[in-house]
Amino acid sequence: SYAHTLQIGYDITRIYGYQFTGIDQATGLASYAPVPGSSSSDPNFFATVGKKTPDFYGGIGNTIVYHGWELEIFGQFARQLLMGGIPNTPGQLLNNYQWILGRWQRSGDQTTIPKSSTIADYNYTFSSANYFESSYFRLKNVALSYSLPKNWVSSIKASSARIYFQGQNLLTFS
């Protein structure tokens with residue numbers, strides 16, 4: 001059952017679908033790579049489009065301490081490919097996205113978005129046209145704290161006290 005999905009030399013989380021080759025400038029229809037070893041114009045669903053695992057990922061953090069003050073910073077990053085939110089071609093339940101303005105409209109238009117049509121091309125949804133580079137760096141955690149002086153804390157019969165402010169997922173650059 002995994003004859004087409006698990007193949008030697010490919011990532012185990014490989015994404016397979018249709019290999020999008022562009023828009024026919026004369027008709028505005030999406031075109032796909034044919035089945036390997038065949039002259040058919042039918043797309044090959046088991047073409048490798050990408051992989052679900054990130055190329056790399058990680059995090060970086062640091063703690064700075066100065067006279068009772070402590071600043072902790074942690075950021076995370078990843079380079080990855082993710083499926084977009086294009087459910088089908090323009091004209092099929094989807095006319096409210098900004099990207100539709102760049103669709104093919106007349107002969108000679110050079111674009112990667114097919115013409116608007118009431119006939120759905122579901123191949124477009126599962127093609128390499130709907131997978132995007134979604135790398136990011138996120139400022140995940142920032143915490144600033146102050147340890148109260150020992151003489152203040154001892155007056156309330158405690159061994160230590162700290163006041164702190166903490167934020168999570170503050171910024172994301174993608």
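Gly102 counts as partly exposed, at 36% relative accessibility. Here buried means under 20% relative accessible area, exposed over 50%, and partly exposed in between, with a 1.4 Å probe and protein chains only. The structure is a predicted model, in which local features need pLDDT of at least 70, side-chain atom pairs count only at pLDDT 80 or more, and totals for chains, interfaces and linings use all residues. Residues are numbered from 1 along each chain as its sequence is written, and side-chain values use heavy atoms, with hydrogens and water left out.

Gly102 lies in the loop between strand S7 (81-83) and helix H1. Helices (H or I, at least four residues) and strands (E, at least two) are DSSP runs, numbered from the N terminus. Neighbours within four places in sequence aside, Gly102 is in contact with Thr111 and Ile113. Contact means heavy atoms within 4.5 Å. Lys115 is 13 residues from Gly102 in sequence, and the C-alpha to C-alpha separation is 9.5 Å.

Ile113 also belongs to the largest nonpolar core. A nonpolar core is a set of buried Ala, Val, Leu, Ile, Met, Phe, Trp, Tyr and Cys residues joined through side-chain atoms within 4.5 Å. This core has ten residues: Tyr18, Phe20, Ile23, Ala30, Tyr32, Ile86, Trp104, Ile113, Tyr124 and Ala129.

Ser145 is placed in strand S9 (residues 136-147). Its relative accessible area is 6%, so Ser145 is buried.

Two residues were examined for backbone phi. Most residues other than glycine have a negative phi. Lys157, not a glycine, has a positive phi near 60 degrees. Lys157 is found in the loop between helix H2 (150-154) and strand S10 (162-173). With a relative accessible area of 77%, Lys157 is exposed. Asn169 is not a glycine either, yet has a positive phi of about 50 degrees. Asn169 sits in strand S10. Its relative accessible area is 44%, so Asn169 is partly exposed.

The chain has a mean pLDDT of 84, and 89% of its residues reach 70 or more. Confidence is highest in strand S6 (residues 69-79), at a mean of 97, and lowest in helix H1 (residues 122-125), at 81.

Terms used
pLDDT = per-residue confidence, 0-100.
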